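Colleague: I have the model open and would like to go through a few local features with you. Could you take my questions as they come?

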Amino acid sequence: MILFKNVSKIYKGNHFTLTALEEINLEIKEKEFVCLVGKSGAGKTTLLKLLIGEEKPTKGRVFFQDIEVNRLKPNQLPQLRRRIGMIFQDFKLLPKKTCFENVAFALEVCGRSQREIKTLVPQLLDLVGLLDKKDHFPYELSGGEQQRVAIARALVHQPDVIIADEPTGNLDPINTWEIINLLLKINELGTTVILATHDKEIIDKIQKRVVVLEDGKIIRDDFQGKYLI
């Protein structure tokens with residue numbers, strides 16, 4: 001489903017050269033749940049940017065299903081990104097829109113009808129356990145609830161993959177596990193999940209595949225679900 005083939009990414013400036021990724025070979029299959037692990041600067045974010053076409057590799061090829069991502073033109077990227085849902089550490093909700101409106105907005109910009117929106121948005125809010133708060137604004141929600149709205153928004157296009165980039169970084173332990181359990185549920189429903197995290201407790205508890213990055217290289221790819229370096 002996802003394939004990084006001999007991928008390197010090098011940033012060059014007037015007085016510096018930075019190798020963000022070096023000779024990455026990685027395959028992620030359909031319906032997998034993969035924990036992408038590494039310290040800040042290890043290359044996790046660069047890897048994810050290559051997958052959604054935000055960056056292009058200096059060397060190598062990136063595939064998403066039958067699409068060679070690095071060959072896509074800018075006007076082809078929105079179609080790709082509808083198949084990849086993104087969840088971030090800082091939620092990225094629109095503060096002046098309600099829960100319902102935040103999720104609906106992602107559909108409106110793609111030209112979906114009001115009938116579709118009125119049907120789909122409640123289903124997604126129900127999935128994340130927030131249908132009763134559909135008229136609340138982000139400031140009226142806890143951090144965990146805001147992240148659940150963000151997950152509902154990421155699911156609007158029924159993506160093949162969900163990328164969660166440090167989604168629990170701003171949350172307390174209780175809300176953290178609510179989000180992780182929701183991601184596991186989404187994965188059980190058939191969506192591939194890539195979870196970028198440095199939280200050892202999460203990795204050890206959920207027992208999913210762990211890919212460890214260090215200095216731009218994959219130093220471990222473990223299907224036993226333990227964060228051991």
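Colleague: What is the handedness of the crossing where helix 3 passes helix 5?

Modeller: Helix 3 passes helix 5 in a right-handed crossing, meaning that the near helix is turned clockwise from the far one by less than a right angle. This is a predicted model, in which local features need pLDDT of at least 70 and side-chain atom pairs count only at pLDDT 80 or more, while totals for chains, interfaces and linings use all residues. Residues are numbered from 1 along each chain as its sequence is written, and side-chain values use heavy atoms, with hydrogens and water left out.

Colleague: At what angle do the axes of helix 3 and helix 5 cross?

Modeller: The axes of helix 3 (residues 99-108) and helix 5 (residues 143-154) cross at roughly 25° and come within 8 Å. The two helices are therefore roughly parallel to each other, a label used for angles under 35 degrees.

Colleague: Which residues in helix 3 and helix 5 meet?

Modeller: From helix 3, Cys 99, Asn 102, Val 103 and Ala 106 meet Val 149, Ala 152 and Arg 153 of helix 5, where contact means heavy atoms within 4.5 Å. The residues of this contact divide into five nonpolar, one polar and one charged.

Colleague: And which residues in helix 3 are buried?

Modeller: Cys 99, Asn 102, Val 103, Ala 104, Ala 106 and Leu 107 are buried in helix 3, with buried meaning under 20% relative accessible area, exposed over 50% and partly exposed in between (1.4 Å probe, protein chains only). These buried residues pack against helix 4 (114-127) as well as helix 5.

Colleague: Switching to cysteines, how many disulfides does a search of the whole structure find?

Modeller: The search finds zero disulfides, a disulfide being a pair of cysteine sulfur atoms within 2.5 Å. For Cys 110, the closest cysteine sulfur is in Cys 99, 20 Å away, which is too far for a bond.

Colleague: Is Cys 99 buried or exposed? And what about Cys 110, buried or partly exposed?

Modeller: Cys 99 is buried, with a relative accessible area of 2%, whereas Cys 110 is partly exposed at 29%.

Colleague: Now the backbone: where does Gln 158 lie, and what is its phi?

Modeller: Gln 158 lies in the loop between helix 5 and strand 7 (161-165), and has a positive phi of about 50° although it is not a glycine. Its side is exposed, with a relative accessible area of 68%.

Colleague: What about Gln 207?

Modeller: Gln 207, also not a glycine, has a positive phi of about 55°. This residue lies in the loop between helix 7 (200-206) and strand 9 (209-214) and is partly exposed, with a relative accessible area of 39%.

Notes:
Axes are lines fitted to C-alpha atoms, for helices over the stretch in contact, and angles run from 0 to 180 degrees between N-to-C directions. Helices (H or I, at least four residues) and strands (E, at least two) are DSSP runs, numbered from the N terminus. Angles under 35 degrees count as roughly parallel, over 145 as roughly antiparallel, 65 to 115 as roughly perpendicular and the rest as oblique. Ala, Val, Leu, Ile, Met, Phe, Trp, Tyr, Cys and Pro count as nonpolar, Asp, Glu, Lys and Arg as charged, and the others, Gly among them, as polar.
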